[in-house]
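Here is a short briefing on aromatic contacts. The structure comes first, then the points by topic.

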Amino acid sequence: GNPDLPTAVNITWSSINFKTILQWQPKPSGYFYTVEIHGQTSDIKKKCILTTETECDVTDVLRNVKETYTAHVLSVLPSGMDNFEEPPFAVSEKFTPYSQTVLGKPEVQNYTQKGSKLNVVFQDPLTPYTFPNGSFQSIRDIFQHDLEYKLYYWKDQSSGKKDATTKSHTFEVSVDSTKNYCFYMQGIIPSRREIRNGQESMVLCTSVGRNILDEYGAEVFIIIAVIAIAVITLAIVLSVILCKRKKAKAAREKQPLNGV
């Protein structure tokens, strides 16, 4: 082979919702990389042949998501594909998509707070894999009963959180009908030993019975109270001054005119 060629280092798998990117270092100079994906029970598949990049999208060759794979990153010269000697290569850690891909953020479709019930409807993240009809598979289509979701919710402007779990696409939890609530959710694979929790959705809040105190807090209420007290005090002071002036004017008018 070419023992003097540098081999790849820091090979890592990055995978969200089964979209999987292999990354490594360093940038090549005067040579190329070719990626080979080795499965335990599948044939070797080549990706990113003679690339000068340091990453490779290997999603389409990991369709058997329960298979365990390793990646060989080969360092090759432009003519290296024509000789029979094995080029130098580096081997990645093992990767099993089913147990190691990260669950992406679930998408909240609708949420309502009616009376003492908070209802949240959401959608599963999609994967790059498709059904025969061309529609994309969701993570639920792949994980099935291994997948559940957890909802974290709390009273607006409070730090005390509660949580609920579901295996469906909806949550319905009991809340205080007089308070607004905020919440977020994430997918979970309880059977996993590692990477059990998925990415968190954005935080959303209800707006039932929201008033200025809920919106801006006690500081605004205190400011309004101080202004009100100042206005009332000013009105009282002006009233007293006007009253004294009227009395003084009336007293002057009662005095006899000089020279009469």
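**Aromatic contacts in a predicted model**

Y129 is buried, at 5% relative accessible area (buried is under 20%, exposed over 50%, partly exposed in between; 1.4 Å probe, protein chains only). The model is predicted: local features need pLDDT of at least 70, side-chain atom pairs count only at pLDDT 80 or more, and totals for chains, interfaces and linings use all residues. Residues are numbered from 1 along each chain as its sequence is written, and side-chain values use heavy atoms, without hydrogens and water.

**F18 and Y129**
- The whole structure holds twelve aromatic pairs (Phe, Tyr or Trp rings, the six-membered one for Trp, with centres within 6.5 Å; planes under 30 degrees apart are stacked, over 60 edge-to-face, the rest tilted).
- F18 and Y129 are tilted because their planes meet at 45°, with centres 6.4 Å apart.
- F18 lies in the loop between β1 (9-16) and β2 (19-25), and Y129 in strand β10 (residues 126-130), 111 residues apart (strands are DSSP E runs of at least two residues, numbered from the N terminus).
- F18 is buried too, at 1% relative accessibility.
- F18, Y129, Y98 and F143 make up one aromatic cluster.

**Y153 and Y181**
- Y153 and Y181 form a tilted pair, 6.5 Å between centres and 50° between planes.
- Y153 sits in strand β12 (residues 148-155) and Y181 in strand β15 (residues 181-188), 28 residues apart.
- Y153 is buried at 8%, and Y181 at 6%.

**Charges over rings**
- The charged end of K66 sits over the ring of Y98, 4.7 Å from its centre (NZ of Lys or CZ of Arg within 6 Å of the ring centre and within 35 degrees of the ring normal).
- K161 lies over the face of W154, 5.2 Å from the ring centre.

Methods: Helix = DSSP H or I, 4+ residues; strand = E, 2+ residues; numbered from the N terminus.
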